[in-house]
Amino acid sequence: MTAKPPVEALSIDVAAQAWQRSGDGDGSIEVAFVRADGPAGIDWVLMRVAGDQAGRVLVYDMNEWACFLDGVRNGEFDAAAR
């Protein structure tokens with residue numbers, strides 16, 4: 001198993017990705033799906049908050065993303081939305 005890289009190690013232009021937004025304005029969550037260069041061809045999901053002055057980007061592998069989506073479908077985060 002290889003360690004999950006920081007976004008800087010993916011050798012991609014973060015700004016050029018096809019970001020999808022959860023809503024309008026600052027504070028919306030944005031996600032982008034990317035394919036890393038190299039022999040493994042691993043897919044990554046990038047997540048950021050629109051308007052974040054620090055420009056922080058989180059990197060998730062496809063297993064982590066699938067687990068997150070499963071949690072959403074099963075209501076694991078519903079209490080946090082109240």
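Colleague: What does the side chain of Glu30 make a polar contact with?

Modeller: This is a predicted model. In it, the side chain of Glu30 makes a polar contact with the side chain of Arg21, at 3.1 Å. The Glu30 side chain also makes a polar contact with the side chain of Arg48, at 2.5 Å.

Colleague: Where does Glu30 lie?

Modeller: In strand β2.

Colleague: Buried or exposed?

Modeller: Glu30 is buried, because its relative accessible area is 8% and buried means under 20%.

Colleague: Which residues does Glu30 touch, not counting those up to four places away in sequence?

Modeller: Trp19, Gln20, Arg21, Leu46, Met47, Arg48 and Ala50.

Colleague: Back to Arg48. Where does Arg48 lie relative to Trp19?

Modeller: Over the face of the Trp19 ring, at 3.8 Å from the ring centre. So Arg48 has a polar contact with Glu30 and sits over Trp19.

Colleague: Now Ser28. Where does that one lie?

Modeller: In the loop between β1 (20-21) and β2 (29-35). Ser28 is buried, with a relative accessible area of 6%.

Colleague: What lies 3.0 Å from a polar atom of its side chain?

Modeller: The backbone oxygen of Gly25.

Colleague: And which residues is Ser28 in contact with, leaving aside neighbours within four places in sequence?

Modeller: Arg21, Ser22, Gly23, Arg48, Val49 and Ala50. Arg21 and Arg48 are also on the list for Glu30.

Colleague: New topic, aromatics. How many aromatic pairs does the structure hold?

Modeller: Three. Take Phe68 and Phe77: their ring centres are 5.5 Å apart and their planes are at 35°, so the pair is tilted.

Colleague: Why tilted, and what would the other labels need?

Modeller: Planes under 30 degrees apart count as stacked and over 60 as edge-to-face, so 35° falls into the rest, tilted.

Colleague: How exposed are Phe68 and Phe77?

Modeller: Phe68 is partly exposed, with a relative accessible area of 33%. Phe77 is partly exposed too, at 39%.

Colleague: Which residues form the aromatic cluster?

Modeller: Phe33, Trp65, Phe68 and Phe77 form one cluster.

Colleague: Last one, Asn63. Where does Asn63 lie?

Modeller: In helix α1, residues 62-73. Asn63 is exposed, with a relative accessible area of 54%.

Colleague: How far apart are Asn63 and Trp44 in sequence and in space?

Modeller: They are 19 residues apart in sequence. In space, they are 9.5 Å apart, C-alpha to C-alpha.

Methods:
Residues numbered from 1 in each chain as written. Predicted model: local features only at pLDDT ≥ 70, side-chain atom pairs only at ≥ 80, totals over all residues. Heavy atoms only, no water. Phe/Tyr/Trp six-rings, centres within 6.5 Å; stacked < 30°, edge-to-face > 60°. Buried < 20%, exposed > 50% of the residue type's maximum accessible area, 1.4 Å probe, protein only. Lys NZ or Arg CZ within 6 Å of the ring centre and 35° of its normal. Helix = DSSP H or I, 4+ residues; strand = E, 2+ residues; numbered from the N terminus. Polar contact = N/O pair within 3.5 Å; in protein donor to acceptor, adjacent residues only side chain to side chain. Contact = heavy atoms within 4.5 Å.
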